[in-house]
Amino acid sequence: MSTVTRAEYCVVACAEAWRGDGEVLAAPMGTVPRIGAQLARLTFAPDLLLTDGEAMLLGTEPGVVEGWLPYRQHLSLVSGGKRHVMMGASQLDRHGNQNISCIGDWKRPRRQLLGVRGAPVNTLNNPTSYWVPRHSPRVFVERVDMVCGVGYDRAAAAGPSATRYHRIPCVVTDLAVLDFATPDRTMRVRSLHPGVTAQQVREATGFALDIADGVPYTREPTGAELRLIREVIDPEGLREREVPA
Amino acid sequence: MNPGDKQMSPEEAVGRIESGMTVGIGGWGSRRKPMALVRALLRSPVTDLTVVSYGGPDVGLLAAAGKVRKLVAAFATLDSIPLEPHFRAARERGDLELVELDEAMFMWGLTAAVHRLPFMPVRAGLGSDVMTVNPGLRTVTSPYEDGEELVAVPSLRLDAALVHLNRADAHGNGQYLGPDPYFDDLFCEAAEAAYVSCERVVDSAEFADAGSPQTLLVKRHSVTGVIETPNGAHFTSCAPDYGRDEAFQRAYAKAAADPGAWREFTERFLTGDEDAYQTAVAAFAKEGA
């Protein structure tokens with residue numbers, strides 16, 4: 001096996017997000033998370049459910065449809081908590097507040113983006129992780145312009161109905177894996193991808209980020225995982241387009 | 001005796017929509033949108049609309065034509081092209097009043113309207129800026145032991161609904177044959193008057209051959225008009241009859257980014273009636289072939 005690429009470390013880091021989740025829907029948004037979710041299901045998380053991106057639930061064998069999940073059932077599965085989504089983020093702050101709606105003043109945005117989509121319902125009801133293919137100070141900001149996905153501070157301020165099912169397991173970027181396993185629920189670095197320094201991550205983050213000495217590296221893919229990524233799940237190499245070497 | 005024949009032209013359907021009305025549009029993003037009816041709306045003098053939609057190019061076209069005073073939506077997207085260019089431009093110009101709701105809040109708002117309830121309680125929205133940008137949203141406290149404080153999503157009652165299905169009979173029964181019903185039945189039931197366009201009007205006896213009973217999504221009691229518009233969801237998808245016209249959508253998005261190009265696009269595709277549109281689309285496809 002040739003050298004592991006950054007994109008492949010990202011795939012493994014995304015796959016790890018779903019470890020131990022059991023029989024829930026893995027809802028990846030983005031190419032690398034999708035490859036990661038497929039890898040997780042083919043290896044250590046065989047009970048995960050996966051869609052084709054629309055309403056069909058895919059079986060493990062290629063071409064097999066095992067179920068049907070139209071939007072309205074998808075939304076009940078969200079509020080029932082039987083899902084772990086990995087969303088994108090145009091902005092993300094240290095508390096895990098996420099923005100995909102617009103940049104600038106909401107009333108007349110400098111740049112209109114997608115809109116809130118399902119970020120509010122996701123974050124309050126099922127575990128919501130994030131995928132950021134380019135870790136930069138433009139994404140990791142002091143304050144997001146519009147809170148779509150709810151972070152730990154905003155959930156706490158909104159009260160027990162907001163915190164009851166709220167959880168942000170991790171944030172995977174092209175540089176590192178981050179989480180909120182700190183006393184005040186602010187972001188920290190869980191692992192650096194091999195080849196990345198703590199200084200690089202600090203410089204790419206728009207707020208002061210605590211990085212412990214001796215923070216571990218993201219784990220290596222196994223030989224079997226690399227074969228699955230390269231030969232079975234993503235032979236076209238789409239992962240390298242999302243995270244160029 | 002059979003139930004009434006509700007067939008009408010796109011112009012007749014749109015002729016019943018008045019300026020200032022609240023109009024719900026079915027489909028999702030760039031999927032199974034009632035585009036022939038939207039195009040008819042573009043040609044009509046109707047304006048000042050409140051549009052309620054899981055937004056796609058329906059929202060973009062109506063906003064570009066200045067028909068929308070207020071938009072109720074969780075997003076607007078072309079799916080394969082993430083950002084709807086006209087929606088984006090309208091927001092950045094500041095000439096679109098937006099009621100930005102979460103996708104689930106939107107569904108429960110429609111559901112409340114269907115059930116003639118003033119609101120539905122949901123967890124979604126708490127802690128997010130959906131509560132900030134919609135200062136009229138209220139919370140409600142559970143009267144039971146849990147005492148939970150939840151968001152009261154107000155009913156999204158509609159004056160009119162426009163949806164597009166694969167098949168319908170003349171009486172207003174509608175059948176979808178694609179992978180997802182989206183929320184088209186809710187739109188119809190939440191509206192005072194619903195207009196169902198379809199790829200083909202069929203005899204009710206033909207439904208059973210096309211699909212299982214579960215494909216009979218829209219029931220005639222909730223439908224005012226039936227409009228046969230072949231290729232009527234173009235350029236959005238209408239599986240299994242046809243997929244999204246990606247080449248045309250790219251041309252749409254490209255033209256939308258430039259006022260001069262948009263004028264040309266409008267002149268070429270949107271000045272005539274639906275037949276003229278379909279002829280122009282066929283010519284466009286030939287050029288690309």
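Q: How many helices and strands make up the secondary structure of chain A?
A: Keep in mind that this is a predicted model. Counting up the secondary structure of chain A gives nine helices and 12 strands.

Q: What is the radius of gyration of chain A, and what does the globule rule give for 245 residues?
A: The globule rule gives 18 Å for 245 residues, and chain A comes close to that, so it is as compact as a globular protein of that length. Its C-alpha atoms fill a box of roughly 45 × 45 × 35 Å along the principal axes. The radius of gyration of chain A is 18 Å, against 18 Å from the rule.

Q: What share of the residues of chain A count as buried?
A: Here's some background on how chain A is connected: take the contacts between residues at least 6 apart in sequence, and 66% of them join residues at least 24 apart. As for burial, the share among the 245 residues of chain A is 50%.

Q: How far apart in space are Ala40(A) and Pro120(A)?
A: Along the sequence, Ala40(A) and Pro120(A) are 80 residues apart. Going from C-alpha to C-alpha, the distance in space is 26 Å.

Q: Which element gives the most residues to the side of chain B that touches chain A?
A: The contact takes 35 residues from chain B and 38 from chain A. On the chain B side, the elements giving two or more residues are helix 5 (103-114), helix 6 (130-133), strand 7 (149-154) and helix 4 (85-93). By class, that side splits into 19 nonpolar, five polar and 11 charged residues. With four residues, the top giver is helix 4 of chain B.

Q: Where is the cis peptide bond with omega of about 10°?
A: Most peptide bonds are trans. The loop between strand 12 (225-228) and helix 9 of chain B holds Phe235(B), and Pro240(B) is found in that loop too. The bond from Ala239(B) to Pro240(B) is cis with omega near 0°. The cis bond with omega of about 10° joins His234(B) and Phe235(B).

Q: Is Tyr182(B) buried or exposed?
A: Tyr182(B) sits in the loop between strand 9 (174-175) and helix 7 (184-189) of chain B. Its phi is positive, near 50°. Since 24 other C-beta atoms lie within 10 Å, Tyr182(B) is buried.

Q: What does Asp79(B) count as, with 19 C-beta neighbours inside 10 Å?
A: Asp79(B) is in the loop between strand 3 (68-73) and helix 4 of chain B, and its phi is near 65°, a positive value in a residue other than glycine. A buried residue needs 20 or more neighbours. Asp79(B) has 19, so it counts as partly exposed.

Methods. Residues numbered from 1 in each chain as written. Chains lettered and ligands numbered in written order. Predicted model: local features only at pLDDT ≥ 70, side-chain atom pairs only at ≥ 80, totals over all residues. Contact = placed C-beta atoms within 7 Å. Nonpolar A, V, L, I, M, F, W, Y, C, P; charged D, E, K, R; others polar. Buried ≥ 20, exposed ≤ 12 C-beta atoms within 10 Å, placed from the backbone. Rg over C-alpha atoms; globule rule 2.2 N^0.38 Å.
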